[in-house]
Amino acid sequence: MGALVVSGEYSSGTIRTTFAAVPRRSTVFAAKATLVAAVMYALALLSCSAAYLVGDAMLPEGRYAQGDPLPALFGIAASFAVAAVLGLAVGTLVRHSAGAVTTVIGVLLLPSLFGPLFGNAERWIAGLSPTAALEKLTQTSDATADTVGSLGPWPSLLLVTACTTALALTALVLLRRRDA
């Protein structure tokens, strides 16, 4: 979603109108990032809460151990918001819808897919992936320290957020220097 928000404006040419209306490009970028993150957070929180309630109703009582759902639900929603801002940053850098979406999907999935090819370094490579933070927050059985790194779910999400922030700042710098 984040990639399409900005790259769609570049492909249609409405980005020029946006920058004519609001010449401060950093304000435009910050507004887009805030809107995308807020919408994705709200949608993810609602849909994950509904999925949890449906899953809880379908599982037999007492057969599966459950953790506390609230921290995990807030973290999962935050990881969706971070992924949307990541898409916005990549869309700003690439300026093309198909290229931006492909790049974001690659950033999200490739570390987990190619991590096992690197032997002992798998936990470091796959652990930097945004999907690793999501796996840790959902408490999936696939989220072992060998496959997704030894950081906990919240530090892992914080690391992904820091990387996304760095990419967003890079996109902002390039947005200020480039022509629309």
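Predicted model: local features only at pLDDT ≥ 70, side-chain atom pairs only at ≥ 80, totals over all residues.
User: What order do the elements run in?

Analyst: From the N terminus on, the order is α-α-α-α-α-α-α-α-α.

User: OK, and what box do the C-alpha atoms fill?

Analyst: Taken along the principal axes, that box is roughly 60 × 40 × 25 Å.

User: How much of the protein is buried?

Analyst: Of the 180 residues, 34% are buried, meaning under 20% relative accessible area with a 1.4 Å probe, protein chains only; over 50% is exposed and in between is partly exposed.

User: What share of the contacts is between residues 24 or more positions apart?

Analyst: Such pairs account for 66% of the contacts with a separation of 6 or more. Contact means heavy atoms within 4.5 Å.

User: Switching to salt bridges. How many does the structure hold?

Analyst: The structure holds 1, counted when a side-chain nitrogen of Lys or Arg is within 4 Å of a carboxyl oxygen of Asp or Glu. The side chains that meet are those of K32 and E9, at 2.1 Å from N to O.

User: Which helices do K32 and E9 lie in?

Analyst: K32 lies in helix α3 and E9 in helix α1, which covers residues 2-12. The pair therefore ties together parts that are 23 residues apart in sequence.

User: Is K32 buried or exposed? What about E9?

Analyst: K32 is buried, with a relative accessible area of 14%. E9 is also buried, at 12%.

User: Back to α3. How does its axis cross that of α4?

Analyst: Helix α3 spans residues 25-58 and helix α4 residues 69-94. Their axes come within 8 Å and cross at roughly 145°. Axes are lines fitted to C-alpha atoms over the stretch in contact, with angles from 0 to 180 degrees between N-to-C directions.

User: And at what angle do α7 and α9 pack?

Analyst: Helix α7 (residues 130-137) packs against helix α9 (residues 153-177) at about 155°, and the axes are 9 Å apart.

User: Which residues make that contact?

Analyst: On the α7 side, P130, A132, A133, K136 and L137 take part. From α9 come P153, W154, S156, L157 and V160.

Conventions:
Residues numbered from 1 in each chain as written. Heavy atoms only, no water. Helix = DSSP H or I, 4+ residues; strand = E, 2+ residues; numbered from the N terminus.
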